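Trainee: Could you show me how to read helix packing and nonpolar cores in a model like this one?
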Amino acid sequence: MAREHLLCSVSGIKDGEKRTFTVYKLRGQAFKIYNDRGHSHSSHGSLRVTERDIKSEITTVYGAYSLNLEGSVREGVNASTWPDTYKACSNCSCEPTRRAYGGEGHCHRCNFLIRRLEAAKRWCFGEPQSLGRFIPDPYADYLSRLSATEFTEYKKGYISWMEERLEALKEASNHRQGNLKPADLAHKFCDILKLLNRKAPSFIDKDILERSFDGRQMAVIFSLLDDMIDASVHNSDQGGFTAAFEAVNQLHIAQQDL
Ligand SMILES: [Zn+2]
């Protein structure tokens, strides 16, 4: 990325005098510091775009200390990955500060799901090459051993799981804005429980939430839990494989009952 993207401003003390710095993101892990006297410095080497490394570089280069940072470095880094033409994800409506860019106008989480969903729609029974590159080898082997009926069930389960995940991301953005019911927050707690332990009982008493928190508080808690899920995105989205397997297993059980 050639353009510089504003990350944060930093104030500090040097020789008893207040000094200010503005920090911009450059390509890769580099950042550029401007001081209040027109001097600039670009980071290099092993530094990363983190609050700690930015503060350390300001102290090293400019001798300033007691540094206070304003703005979120993480949000700035996310926003720097988005093309200027997009103001929000076209599926979930999250803003560029929330998640890194994925592609085709989508945040990286929606893009991850959309690409797999589109690929799954092209799967054909008896044509292993149609599975594409998103299916890890052990799953591809498993799929190649399924009967036509099982394959169809698997494909159906996989596609509907991906569609549900995309819809859930859309709903989550809406809930973060405060449009949520106690049951929505209870579900979010259950999602966290499932990430920790798939066999954990997925029950949270929504009445306790309703009695304890008002709508604004519930939206804040929901957002924090939602951020936790984002941090473990790989596990939750890869859950699509498991869900589809379960769809196939249900079919086996149904056939045994006949
Ligand atoms: Zn999105």
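Predicted model: local features only at pLDDT ≥ 70, side-chain atom pairs only at ≥ 80, totals over all residues.

Trainee: At roughly what angle do the axes of α3 and α5 cross?

Mentor: The axes of α3 (residues 108-121) and α5 (residues 148-176) come within 10 Å and cross at roughly 155 degrees. Angles over 145 degrees count as roughly antiparallel, and therefore α3 is roughly antiparallel to α5. The crossing of these two helices is left-handed.

Trainee: Which residues of α3 and α5 make the contact?

Mentor: On the α3 side they include C110, L113, I114 and L117, and on the α5 side Y158, I159, M162 and L166 are among them. Sorted by class, the contact of α3 with α5 has 10 nonpolar, no polar and six charged residues.

Trainee: What should I expect of nonpolar side chains in general?

Mentor: In soluble globular proteins, nonpolar side chains tend to be buried together. Here the largest nonpolar core has 15 residues, and those with the most contacts inside it are C89, C92, C107, C110, Y158 and M162. Helices α3 and α5 each supply at least two residues of this core, with α5 giving the most, six residues.

Trainee: Beyond its neighbours within four places in sequence, which residues is C92 in contact with?

Mentor: With those neighbours left aside, C92 is in contact with C107, C110, L169, K170 and S173. There is also a second, separate core of 11 residues, which includes V10, F31, I33 and I54.

Methods: Residues numbered from 1 in each chain as written. Axes fitted to C-alpha atoms, helices over the stretch in contact; angles between N-to-C directions. Helix = DSSP H or I, 4+ residues; strand = E, 2+ residues; numbered from the N terminus. Parallel < 35°, antiparallel > 145°, perpendicular 65-115°, else oblique. Left-handed = near helix turned anticlockwise from the far one by under 90°. Contact = placed C-beta atoms within 7 Å. Nonpolar A, V, L, I, M, F, W, Y, C, P; charged D, E, K, R; others polar. Core = buried A, V, L, I, M, F, W, Y, C linked by C-beta atoms within 7 Å. Buried ≥ 20, exposed ≤ 12 C-beta atoms within 10 Å, placed from the backbone.
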